[in-house]
Amino acid sequence: MNKTVKRILVILIILILLPAAFLTINEMTSLNQNEEVIRRIYSNQLDAILYSVNQYSEDVVSDWASKIDKFHDELDNFDDVEISSTIDSFYSQFPSLSIIFVADSADSEIKLIVEQNEDNNFLNKLGEFKKSVKNILSENQLIVDRLLTYKKAGYRKLEPIITDTTIDGSILLFIEESPEGLKRITGMVIDPKEFTYRILSPKLQEVARQEFLISVFNREENYQFNSSKDFKVGEVQQSKSLWIFPDYEIGISLVGQTIEDLVQQRAITNILLVGLLTVVLILGVWIVYRNIKKEVELAQIKSDFVSNVSHELRTPLSLISMFSETLEMDRIKTEEKKKEYYSIISQEANRLGKIVNSILNFSKMEAGKRQFNFVESYLNDVAENVFRSYKFHLEQKGFTFSIVKDESIPIISIDEEAVSEAIVNLVDNAVKYSDSKKEITILTGMQNNFAFVEVEDRGIGIPPKDQGKVFEKFFRVGSGNVHNIKGSGIGLSIVKHIVDAHKGKVELSSEVNKGSKFRLLFPLNKS
Ligand code: ADP
């Protein structure tokens, strides 16, 4: 690779690809961190919602506790209370609350405030219930003591008690204080399912709105209450115990997608974007690199071209000046020798003219200004003319030069001068690149919808890898190292240009050291 191209490649890599790589790696790592942050924020949000539900349920029961406290203060005598009408309306304030019990201390007698009941067995049941409560209180002495301490500090706390199966419902304990300063242990027996349905359900709907699904559930009892649409316990993304009913949980889930889905989607979009960016950058670098490489190569080729052309111009010029000076000094005595010198001068002037012409044609072609003048002609005639004008000259040089024509070729529309120039260029090359086997043939013929003229030689041939490139401007096989034949590298590009202007094709078959065949195909007239 050229030194300049290498340097540019290194600069490109340092300037674009390295920062891009850093950016990509940085983006990837920060992506992961961002995802973690998002996950945390979502999770915190869900937590906050669960917290608010818990807070709400605690506020409700706390409010109940205050009401019960006040009610007790109004009842001076505190035996089992069963004053039907008052009690009924009292209880109606607390949906899902089934029994309230009161005791002066953990081991004192249990008193109940119960609703009226038709059941005959009811009183019997109450006896059993009292026994159970007594057991529970003595088992949870620690909690009772703690509640008392809180109360002494002026703070009424509610504590859920894990109950055995003898009691139907969950117990919430708190300490109340009479106006005289007497402290009593009070318990509320609440049905959690009823509580969820009657009290929590509107709250759940309110906080869930359209965005979340909230569910109160108890795995052991296979119980589940949902804020709205059904969803399975397994789909719950985050859950917490209900403060007031520890054996119940409250769970939350995003409607539609899970947090993982959302985070994953975001991550995938981001990674795709970063990937796309990287690909675009790499593509950009590659395109820039290719263009620069091409430009550098073209600059190299152009400078080769200048030196090649100057050399091509210098050879005939120096011959002309040498022979004309010799003639001028009158050193040549015989007329025959003089004639030979004149002929050399005119030959070289001719050659010079041809080189200048082809450069002019080339520059016209490059500027897109070359005009073509299509006329109805016989391709055979054009080929024949080139053959005739070259025959003598080539045979002098020791070539076997022949033409084989297909007489059936019809008239086609071509620019005679341009086609003849193309054939001349091919013949010139055939001469230049012939080695010991000096044999050139011009062949005309038909192939599909084309008429063709072909120039074949037995020269040095063109390696397969270069066969596609010889028609590029300034291209010379091996940049003039493989063979030391002079040339400017524009002849075949002119040929290609001429054929293209005729909407024709060029075919090349060549084998190294065996020879080359260039076939120019021109489309037959439509009719
Ligand atoms: P140049 O002035 O170098 O001959 P051309 O455009 O005519 O430029 O040809 C391009 C290159 O193709 C030549 O440099 C030569 O290497 C190769 N080439 C062209 N014609 C022949 C041929 N008949 N035999 C072998 N090589 C050829």
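Me: What lies over the face of Phe-452?
Reply: Arg-519 does, at 3.7 Å from the ring centre. A charge sits over a ring if NZ of Lys or CZ of Arg is within 6 Å of the ring centre and within 35 degrees of the ring normal.

Me: Before I go on, what kind of model is this?
Reply: This is a predicted model: local features need pLDDT of at least 70, side-chain atom pairs count only at pLDDT 80 or more, and totals for chains, interfaces and linings use all residues. Residues are numbered from 1 along each chain as its sequence is written, and side-chain values use heavy atoms, with hydrogens and water left out.

Me: Which ring does the charged end of Lys-193 sit over?
Reply: The ring of Tyr-223, 5.7 Å from its centre. Tyr-223 also belongs to an aromatic cluster with Trp-64, Phe-94, Phe-195, Phe-245 and Tyr-248.

Me: How many aromatic pairs are there?
Reply: The count comes to 14. Rings of Phe, Tyr and Trp (its six-membered ring) pair if their centres lie within 6.5 Å; planes under 30 degrees apart count as stacked, over 60 as edge-to-face and the rest as tilted.

Me: Why is the pair of Tyr-197 and Phe-225 edge-to-face?
Reply: Because their planes are at 85°, with the ring centres 6.2 Å apart. Tyr-197 is in helix 5 (residues 192-208) and Phe-225 in strand 7 (residues 223-226), so the pair ties together parts 28 residues apart in sequence. Helices (H or I, at least four residues) and strands (E, at least two) are DSSP runs, numbered from the N terminus.

Me: Is Tyr-197 buried or exposed?
Reply: Exposed, with a relative accessible area of 55%. Phe-225 is buried, at 15%. Buried means under 20% relative accessible area, exposed over 50%, partly exposed in between (1.4 Å probe, protein chains only).

Me: And what about Phe-323 and Tyr-341?
Reply: That pair is edge-to-face too, 4.6 Å centre to centre with 75° between the planes. Phe-323 is in helix 6 (residues 259-328) and Tyr-341 in helix 7 (residues 335-366), 18 residues apart. Phe-323 is buried at 11% relative accessibility. Tyr-341 is buried at 15%.

Me: New topic. How many residues surround the ligand?
Reply: 20 residues, the closest being Asn-429, Tyr-433, Arg-476, Ser-488 and Leu-492. Near here means that a heavy atom of the residue lies within 4 Å of the molecule.

Me: What is 2.4 Å from an oxygen atom of the ligand?
Reply: An N or O atom in the side chain of Arg-476. A side-chain N or O atom of Lys-432 is 3.0 Å from a ligand oxygen. A polar backbone atom of Gly-489 is 3.0 Å from a ligand oxygen as well.

Me: Which elements give two or more residues to the shell around the ligand?
Reply: Helix 9 (416-432), helix 11 (491-501) and strand 16 (515-523).

Conventions: Polar contact = N/O pair within 3.5 Å; in protein donor to acceptor, adjacent residues only side chain to side chain.
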